Amino acid sequence: MMEFFFEKKDFFQLKELERLCQKEKGITSMSVKDILTSLVDDGMVDTDKIGTSVYFWAFPSKASQNRKRKIDDLKGRIQDLDSRKKMLTDAVTKAKIGKEDTNERTELLSQLEEKRAVVSRLSTEIEKYRECDPEVIEGVQKQTVVAKEAANRWTDNVFSIKSWIKNKFSFEDNVIDKQFGIPDDFDYID
């Protein structure tokens with residue numbers, strides 16, 4: 001279809017294209033609209049609506065300009081990527097300086113591995129004795145105080161409800177305790 005446009009160097013309506021493309025290029029008239037839509041979407045064929053008619057055209061000069069622009073863009077990207085590659089290669093070369101494999105470096109790396117293994121072993125041993133850490137003990141003591149206050153608050157709530165039930169329904173304490181499963185030694189925590 002692009003050959004058809006380049007050969008004719010004219011503008012056409014859809015009906016004309018369906019008829020002429022089938023006749024000259026062997027493109028079935030049913031697929032002309034789909035092909036044309038695809039070419040318009042790709043920017044290879046121009047279209048414009050004039051009044052109630054829609055016209056389509058494509059000139060060789062526009063195609064060559066598009067190719068030149070694309071080539072220039074690709075050349076620019078190649079230059080950017082080449083400069084970036086050179087920069088990264090230089091950075092790798094600089095990073096390798098002083099890191100050549102020598103006996104001293106190999107020995108230092110093996111010592112580093114040994115030290116890391118010792119640190120790991122000591123960390124697991126410290127974790128065993130974490131319960132005796134003064135900070136952990138202090139945190140547990142604070143949590144204990146908070147838990148004790150919460151337990152006493154709930155105990156106070158239970159006593160308040162028992163008092164309300166006793167006043168509202170005239171029940172004895174032991175009946176209320178038995179009914180709600182409250183133990184005999186239920187009291188505040190000191």
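Is D46 buried, partly exposed or exposed? In this predicted model, D46 is partly exposed because its relative accessible area is 21%. Here, buried means under 20% relative accessible area, exposed means over 50%, and partly exposed lies in between (1.4 Å probe, protein chains only).

Residues are numbered from 1 along each chain as its sequence is written. The model is predicted, with local features needing pLDDT of at least 70 and side-chain atom pairs pLDDT 80 or more, while totals for chains, interfaces and linings use all residues; side-chain values use heavy atoms, without hydrogens and water.

D46 lies in strand β2 (residues 46-50). Helices (H or I, at least four residues) and strands (E, at least two) are DSSP runs, numbered from the N terminus. Beyond residues up to four places away in sequence, D46 touches Y55, F56, W57 and K62. Such a contact means heavy atoms within 4.5 Å. L36 is ten residues from D46 along the chain, and their C-alpha atoms are 9.9 Å apart.

Helix α2 spans residues 14-24. Its buried residues include L17, E18, L20 and C21. The buried residues of α2 pack against α1 (2-8), β1 (12-13), α3 (29-41) and β3 (53-57). Just after α2, G26 adopts a positive phi of about 75°.

D177 belongs to helix α7 (residues 173-180). D177 counts as buried because its relative accessibility is 12%. Its side chain forms a polar contact of 2.7 Å with that of K162. A polar contact is a pair of N or O atoms within 3.5 Å; within protein, one must be able to donate a hydrogen and the other to accept it, and residues adjacent in sequence count only if both atoms are side-chain atoms. Leaving aside residues up to four places away in sequence, D177 touches K162 and I182.
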